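Have the model open as you read.

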Amino acid sequence: MSSSKENIINRLKEAQNKRGGQSKARPDFESPIYLEFDKQAADSFKDNLELIGGQVVRVKNLEEALDELRHLVQSENLANLICLEPHLQKVLEGKLSFEKSLADLKHIGVGITSCEFLVAHLGSILVSSASVSGRRLHVFPETHIVVAHTGQLVNYLDDALEQMDAKYPKGLPSMITNITGPSRTADIEKTLVMGMHGPKKLFVLLADEPF
């Protein structure tokens, strides 16, 4: 064997002996995943939802929410309202014109619903098929109005899912949807289109008092 070849082989062997073992850093499972809020959950929810095109109106109670709802209907020129939830229907009865059934899906302009939870970190709204509104009222109308209260606020999405487990111990609803802002897409030529897969406008009337 030539001396140059021996030198190369010896250097490779020497380098191999000096390598030592390799160690992988252990993932840190203890540190928090999310940054802490610098505001109250209700303020963070409002800011984050409005960043993505939704609107949040803070009110004191359900009666005040109704006043804001009537103002919203007038200012936005909303028509063909529908509400399927009895506790909301009771408040709206005689004060707003609305339908109580989904008999005519072609003429749904505004869906008025409650929700399961509000996720402050995302500015999003968790809804499910367990509500009286079911699956369709969150999707078909051009405008979605959610009536909620601060007791439904959670910090993060995983908190909402944990609370859903606790709320439905016998089994989760067949559909759980996290609504983050009005429906939008820019799939075609990167042109933003609102209302492509659901409502193009999203309003949340957020009451301080539970109802």
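Where does N80 lie? Look at the loop between α3 and β2, and you'll find N80 there. Keep in mind that this is a predicted model. N77 lies in that loop between α3 and β2 too.

Now check the backbone at these spots. Most residues other than glycine have a negative phi. N77 isn't a glycine, yet its phi is positive, at about 55°. N80 also has a positive phi of about 55° without being a glycine.

Leaving aside residues up to four places away in sequence, L78 touches L72, V73, V110, T143 and I145. L78 also belongs to the largest nonpolar core, a set of 22 residues. L78 is one of the residues with the most contacts inside that core, a list that also includes L69, L81, L92, L96, I112 and I145.

So which elements build this core, each supplying at least two residues? They are α3 (62–75), β2 (81–83), α4 (86–92), β3 (110–113), β6 (143–149) and β11 (201–207). The biggest giver is α3, with 6 residues.

In soluble globular proteins, nonpolar side chains tend to be buried together.

How values were computed. Residues numbered from 1 in each chain as written. Predicted model: local features only at pLDDT ≥ 70, side-chain atom pairs only at ≥ 80, totals over all residues. Heavy atoms only, no water. Core = buried A, V, L, I, M, F, W, Y, C linked by side-chain atoms within 4.5 Å. Buried < 20%, exposed > 50% of the residue type's maximum accessible area, 1.4 Å probe, protein only. Helix = DSSP H or I, 4+ residues; strand = E, 2+ residues; numbered from the N terminus. Contact = heavy atoms within 4.5 Å.
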